[in-house]
Amino acid sequence: MFKRILLLNFFSSIVLMTFAQKNAEKEKIIASIQGKEANYAKIAHQIWNYAEPGYLEVKSSALLQEELKNAGFDVKAGVAEIPTAFVASYGSGEPVIGILAEYDALPGLSNVDEPEQKALVSGAAGHGCGHNLFGTASVAAAIAVKDWLKSSGKKGTIRLYGCPAEEGGSGKVYMVRAGLFNDVNAVLHWHPGNENSAGITPWLANKNAKFRFYGVASHASAAPEKGRSALDAVEAMDNMVNMMREHIPSDTRIHYVITHGGEAPNVVPAFAEVYYYVRNPQMQTVKEIWERVVKAAEGAAMGTGTRMDYEVIGGGV
Ligand SMILES: [Zn+2]
């Protein structure tokens, strides 16, 4: 929850500093981070090499926790019942400012640390979008703020949230549900990219699920009449949703992949699965469209003589 008045107090105390003072403080903080560049580069490389996918970031999480503990943070590990999630705090009272850190890798993207596609471990996970830098730099920022709090004698709490499973898995959703952000005044987030700037692009609310269809297997040539194809149900659902695109707000995004489509052409597939995302700037619109997508799945099951269930993977509201 934002506590605007407190935030205003916090920021106005900064505004009251002269421009020159502010710049000098800023330069000092930047210099303190740059002075530890070799150490942070080592940590980022280590997390790159660990390349642990969502919820399995055991070594990456422990390494960042250790760095924060050594810097004087109070670290609580295994928060929100997630072994690789943690909260590191320094200081006391308000404002409470949070910085998010992510450190999970992506499946199948293992690579040596060179700008060419060359697997470090063939088929293993890898850091496709730089979460090794993400986790490390967020920790560096938190430590720099802590140093500033200490040297300036200002009141306030800096909190580093170690957030697992960003790349599918919605780690932060569970952390929010566990109330870990209830007393925070503001949360800062960033992502590695090819330029240094503040992003002004609003992002989209997202709900996603795996729709599973259960049919009846049969020989596709000798006894097709005895079969009920789960893949037919997936295709019917996809057709209905694709037709629906004309009748939904145009800023919506719907995308899917068929994650299981059967075993062989001569066997009527008894099981098929399709993974859907629905996105829109407004969560309420996502909810409304989501209900229609579920109806399409139910209709597809009914029309093909199959059974359907679905598992919400992310954005389960
Ligand atoms: Zn990323």
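Helices (H or I, at least four residues) and strands (E, at least two) are DSSP runs, numbered from the N terminus. This is a predicted model: local features need pLDDT of at least 70, side-chain atom pairs count only at pLDDT 80 or more, and totals for chains, interfaces and linings use all residues. Residues are numbered from 1 along each chain as its sequence is written, and side-chain values use heavy atoms, leaving out hydrogens and water.

**View 1. Helix α7 packs with helix α8.** Residues 230-244 form α7, and residues 283-304 form α8. Their axes lie 8 Å apart, at an angle of about 140°. Axes are lines fitted to C-alpha atoms, for helices over the stretch in contact; angles run from 0 to 180 degrees between N-to-C directions. The two helices are therefore oblique to each other (under 35 degrees is roughly parallel, over 145 roughly antiparallel, 65 to 115 roughly perpendicular, the rest oblique).

**View 2. The zinc ion has C129, H131 and H191 as its protein donors.** The donor atoms are SG of C129 and NE2 of both H131 and H191, 2.1 to 2.2 Å from the ion. Donors are N, O and S atoms within 2.8 Å of the metal (3.2 Å for Na, K and Ca); water is not among the atoms, so sites may look incomplete. The sequence spacing is C-x1-H-x59-H. C129 is partly exposed, at 28% relative accessibility, whereas H131 is buried, at 1% (buried is under 20% relative accessible area, exposed over 50%, partly exposed in between; 1.4 Å probe, protein chains only).

**View 3. A223 sits in the loop between β6 (205-214) and α7.** A223 is buried, with a relative accessible area of 13%. A223 and V267 are 44 residues apart in sequence. Their C-alpha atoms are 9.8 Å apart in space.
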